[in-house]
Amino acid sequence: MATRTWTVGTNGSFDFATIQLAINAATNGDTIEIAAGTYREQVTVTGKDITLHGAGSGQTIIEAPDAASLVANAIDTNSGRPNKFAVITVTENADVTIEGLTVDGRDQGAVPASN
């Protein structure tokens, strides 16, 4: 099967407006080219070998949604707090190359200190 390059961006003619939609469409070996901009979403790659490629550090930014909108997208049963709210989650032996991106959690995953 031939590999594809999928494009993501919010303006212009791109294949997808969100990174997750591109990940969902991708198959092993595909590359997802993400245009400069800020993408407020959590993304999960499950069992795929793909490349996420942005326009450069500080130019393509994936940032966490507001705390009320975060979803647990990974579970670590060996942790006292098993639910993980990652900005990018890679599961089921996926092999993901991430280049030219800034990932910003916006302090949404921080556990508040006890008073």
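Student: What makes the approach of the Asp-15 side chain to the backbone nitrogen of Thr-7 a polar contact in this predicted model?

Tutor: The side chain of Asp-15 reaches the backbone nitrogen of Thr-7 at 2.9 Å.

Student: Which residues is Asp-15 in contact with, leaving aside its neighbours within four places in sequence?

Tutor: They are Thr-5, Trp-6 and Thr-7. Asp-15 itself lies in the loop between β1 and α1. The C-alpha atoms of Asp-15 and Glu-33, 18 residues apart along the chain, are separated by 9.9 Å.

Student: Why does Asp-15 count as partly exposed?

Tutor: Its relative accessibility is 38%. Buried requires under 20% and exposed over 50%; 38% falls in between, so Asp-15 is partly exposed.

Student: Why does Glu-92 count as exposed, whereas Arg-106 counts as partly exposed?

Tutor: Glu-92 has 60% relative accessibility, and the cut-off for exposed is over 50%, so Glu-92 is exposed. Arg-106 has 24%, which lies between the 20% and 50% limits, and therefore counts as partly exposed.

Student: What is noted about phi in Glu-92 and Arg-106, and where do these residues lie?

Tutor: Phi of Glu-92 is near 55°, a positive value in a residue other than glycine; Glu-92 lies in the loop between β9 (88–91) and β10 (95–99). Phi of Arg-106 is likewise positive, near 55°, and Arg-106 is found in the segment after β11 (102–104). Most residues other than glycine have a negative phi.

Student: How do you know that β5 and β10 pair?

Tutor: Five bridges join these two strands, which run parallel. Leu-52 stands opposite Ile-98 in β10.

Student: Why are β1 and β10 called edge strands?

Tutor: The open sheet of four strands has the order β1-β2-β5-β10, with parallel pairing. β1 and β10 each pair on one side only. The twist averages 15° from one strand to the next.

Student: Which residues have the most contacts inside the largest nonpolar core, and which elements supply it?

Tutor: That core has 22 residues; among those with the most contacts inside it are Val-8, Ile-19, Ile-34 and Leu-52. Elements that each supply at least two residues include β1 (5–8), α1 (19–25) and β2 (31–34). The largest share, three residues, comes from α1. Beyond its neighbours within four places in sequence, Ile-34 is in contact with residues including Val-8, Ile-19 and Leu-52.

Technical notes. Residues are numbered from 1 along each chain as its sequence is written. This is a predicted model: local features need pLDDT of at least 70, side-chain atom pairs count only at pLDDT 80 or more; totals for chains, interfaces and linings use all residues. Side-chain values use heavy atoms; hydrogens and water are left out. A nonpolar core is a set of buried Ala, Val, Leu, Ile, Met, Phe, Trp, Tyr and Cys residues joined through side-chain atoms within 4.5 Å. Buried means under 20% relative accessible area, exposed over 50%, partly exposed in between (1.4 Å probe, protein chains only). Contact means heavy atoms within 4.5 Å. Two strands pair if DSSP finds at least two bridges between them. Axes are lines fitted to C-alpha atoms, for helices over the stretch in contact, and angles run from 0 to 180 degrees between N-to-C directions. A polar contact is a pair of N or O atoms within 3.5 Å; within protein, one must be able to donate a hydrogen and the other to accept it, and residues adjacent in sequence count only if both atoms are side-chain atoms.
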